[in-house]
Every structure is written in structure tokens, then in C-alpha cells.
Amino acid sequence: MDFEQFKFPRTSQLPQKIAFQSTSPSNIALVKYWGKADIQIPKNTSISFTLSNCYTSTLLKLEAKTKTEEKTTIEVELDGVSTPSFHPKIEKFLKLIETYCPYVKHYHFAIQTKNTFPHSSGIASSASGMSALAMCIMQLEKKIDPAISDEFMLKKASFLARLGSGSASRSIEGKLMLWGKHEQLNQSSDLYAVALNKDIHPIFQDYQDSILLVDKGQKKVSSSLGHSLMNGHPFAEKRFEQAQENCSELLEILKSGNIEAFMTLVESEALTLHAMMMSSLPYFMLMTPNTLAVLNAIWEFRKTTKIPVCFTLDAGANVHLLYPKKHQQDVHNLIDESLKMYCENQQVIHDEVGNGAEIIQIK
Ligand code: DP6
């Protein structure tokens, strides 16, 4: 694997005091990443929709250390409130990226971050959070070396985001992202995600994702524990093979716009992810009775109306409803009349595919 390309060759003149801002969205996997080697090297290729309304906005304020200062200070504010519980994750991230971004050693970090979605909504904020931070760091790199191309900036942002959280690598660009080496795609890599912008059928260009917040509680299985459950899992090898095949099939579906095949593949991926959790040791059941009630209601609705709405799940009880934009009204009615009642405080977030991280110019 070509790690060398990401090493920053020289530490030239560094700005003393500077700030950068970025936004970056969450993403929802269609083919799931579940199982990894260190550090966030995926055991299989995954493909996701980048989202739009669910995003993190991060302001990174940097101040150069004095010559005698060794220790890096880190301050993190979430929604304007100091959040020291984030420090270990940020510290670990900064340590990990030092080899590739040696300039980070020279700064104190103050991070102000906020999410457009509720913190304890069960929506993972690590993908949007780590990718937003990675984009801020790449803005610093570009400031130090203005010669780096925009293309490299995005690629390395995805590479850095991956070191923070695997799925974060897929949030930098849109609208569909593929992460992990796949034999059918020369430019694919285990180190960063690539955008699938060629040959995408128009139906997928504005696909909708309504997120039903069935259980807003803290994650029952941390992602690190979750992925480690695939080490020595009796079905692991078969699952990794299946994911590669599903990526090949999905690449075809994304070209052809075959919605029936799309729904079958996406639902099967979601249920397989949960089947992996149910059949690991220790085993976990993350779907709740309300999740199952929603899935049954979706199947019933699809059967009677022929409206192509399907679901996917991440490692929790919440349900993502995926559907073409032209069916938005019908699906919103379905949610209001029959699905909302299964959500905590009847909460639903309507989202759609989006374009990835953005740089916000600070005036
Ligand atoms: C079920 O990216 O959260 O959402 O790399 O350990 O940070 P780490 O894991 P994370 O795992 C996401 C798992 C998933 C499936 C997916 O997004 O592909």
C-alpha cells in the first residue's frame, strides 16, 4: 500500500495563529464495512450515500507552541460547551496523523464543533466529526504548501478521516462513495474512499433518506468492539467475499437504475450486518421490537402500493428509509401515519444524498 504519497515532505514556515472551518456530512452505507485490521484497514469494500442535512460544522483554532513547549493542549467545545470527554479521541487522532502531517506537533488545538442532528440521536457523529476535522487539517496543509492540488487535498482528507474512523473516509465527497480495494475499480484503495461519480443513474442523484429515530440511546456496541467481533467469526470469510460481490452488483445497479435489485441488495446487506452481530461471540441484538415493526410496515406498504421504499440499518435500532425523490410525499405520509409512532418522541430526520465536505471561508 502506498502510504508514502501522504507523507508531508517538508516543514517550512508555519503560521503562528490561524483558524479553519469546515462542514462535513454523515453517510449511510449500502454495502457495509464490518470488520477491520489496524488501523482502519477494512476487510471488505463498502459503498455509501453521502448525506446532506446531517452534518458537523467544525472550527479549528491553532496557536503555535513556543520553542520550549512540549505538550499539546487540546480544548473541545460541542455546541459551545466544553467537552473534555472528546480529548482522548482527538489526542489519539493527532498522534496517528503525525507521520503524515508533522506540522500538527507544532500547535495547540482549540476545536469548536456542532452537529445539525441531536448528539444522542443514535446517528454516529464520528463520520461527520472526523471528516470535518480532517478537512480543517488539510486546509492548514494547503496553507503551508499552496502547491498541493484540490484533488490531493480531498484524497488525503479521506485518508486522514479514515484514521479517525473508518466510515469517515466516505464523507469527504459525494454523492456515492466507495472505500476499500475492489478489483473492478482501479483507483479504489483501502487507505481512502473514492467518489463514484461516473455512470450513476439519475434516480440515485437525489435519493432520499428519512431516518427513523427508533432508539436514541447511546450505542450498545462501540464500533471498535463491533469490528473486532468479526475476528474469528465463523462466517467472516464468507461475509467478506459476499461484500465484494455485492459491491460489484451494486456498481451495476447504480448504472442501470434497477430499483428492485437495489432494494433487495440494500436490505439484505442491512440484515446481514445484524446477522453477523447476532452470530458473534459475544452476541448482540441491536434491533428492538419497534425496529421490527417498522420493517414489517415497510414491506407491507411496498407490497400494497408498489412504491419502491426500502430500509437500511447501521449498528443500532434506527431505520433509514431510502426512496426516490418522486415518492417523497407518499413516504412522508406513510411515516406520519404509520411509522412515527415507533420512534422516540416521534422523531424523524429527513435527509437526502449530498456532496460531501465543504470549506467555510473565515472572514
Ligand atoms: C455499521 O466507521 O464507526 O456503520 O472505523 O471503528 O470508527 P471505526 O468504525 P465505524 O464503523 C461503521 C460501521 C457501520 C457500517 C458502515 O458505515 O459501513
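The crossing of helices α6 and α7 is left-handed. Helices here are DSSP runs of H or I with at least four residues, strands are runs of E with at least two, and both are numbered from the N terminus. Helix α6 covers residues 259–278, and α7 covers 289–305.

The two helices pack at an angle of about 165°, and their axes are 14 Å apart. Axes are lines fitted to C-alpha atoms, for helices over the stretch in contact, and angles run from 0 to 180 degrees between N-to-C directions. α6 and α7 are therefore roughly antiparallel to each other. The classes are: under 35 degrees roughly parallel, over 145 roughly antiparallel, 65 to 115 roughly perpendicular, and the rest oblique. Which residues meet? Met263, Glu267 and Leu271 of α6 touch Leu295, Trp299 and Arg302 of α7. Contact means heavy atoms within 4.5 Å. By class, this contact has four nonpolar, no polar and two charged residues. Nonpolar covers Ala, Val, Leu, Ile, Met, Phe, Trp, Tyr, Cys and Pro; charged covers Asp, Glu, Lys and Arg; the others, Gly among them, are polar.

## The model and the whole chain

This is a predicted model, in which local features need pLDDT of at least 70, side-chain atom pairs count only at pLDDT 80 or more, and totals for chains, interfaces and linings use all residues. Residues are numbered from 1 along each chain as its sequence is written, and side-chain values use heavy atoms, with hydrogens and water left out.

The protein chain has eight helices and 14 strands. Its radius of gyration is 20 Å, close to the 21 Å that the globule rule gives for 363 residues, so the chain is as compact as a globular protein of that length. That radius is taken over C-alpha atoms, and the rule is 2.2 Å times the number of residues to the power 0.38. Along the principal axes, the C-alpha atoms fill a box of roughly 70 × 45 × 40 Å.

Helix α1 (residues 87–97) and helix α2 (residues 126–144) cross at roughly 45°, and their axes come within 13 Å. That makes α1 oblique to α2. This crossing is right-handed.

On the α1 side, the contact residues are Lys89, Ile90, Phe93, Leu94 and Ile97; on the α2 side they are Ser126, Met130, Leu133 and Ile137. By class, there are seven nonpolar, one polar and one charged residues.

## An open sheet of four strands

Look next at an open sheet. Its four strands run in the order β11-β12-β10-β13, with antiparallel pairing. Two strands pair if DSSP finds at least two bridges between them. β11 (310–312) and β13 (348–352) stand at the edges with a single partner strand each, so one side of each has no neighbour in the sheet. From one strand to the next, the twist averages 25°.

Inside the sheet, five bridges join β10 (residues 208–212) to β12 (residues 319–323). α6 lies across β11 and β12, at about 30° to β11. α8 (residues 328–339) lies across β10, β12 and β13, at about 150° to β12.

## Strand β7 and its partners

Strand β7 (residues 107–115) pairs with β4 (residues 46–64) in the antiparallel sense, over nine bridges. Here Glu63 stands opposite His108 of β7. Strand β5 (residues 74–78) runs parallel to β7, joined by five bridges. In this pairing, Val76 has Ile111 as its bridge partner in β7.

In a regular strand the side chains alternate between the two faces of the sheet.

Where are the cis peptide bonds? One runs from Asp38 to Ile39, with omega near -25°. Ile39 sits in the loop between β2 (36–37) and β3 (41–42). Another joins Leu281 and Pro282, with omega about -5°. Pro282 is in the loop between α6 and α7.

Two residues have a positive phi. Asp79 is not a glycine, yet its phi is about 50°. It lies in the loop between β5 and β6 (81–82). Lys306 is not a glycine either, and its phi is about 65°. Lys306 lies in the loop between α7 and β11.

Note on methods: A crossing is left-handed if the near helix is turned anticlockwise from the far one by less than a right angle, and right-handed if clockwise.
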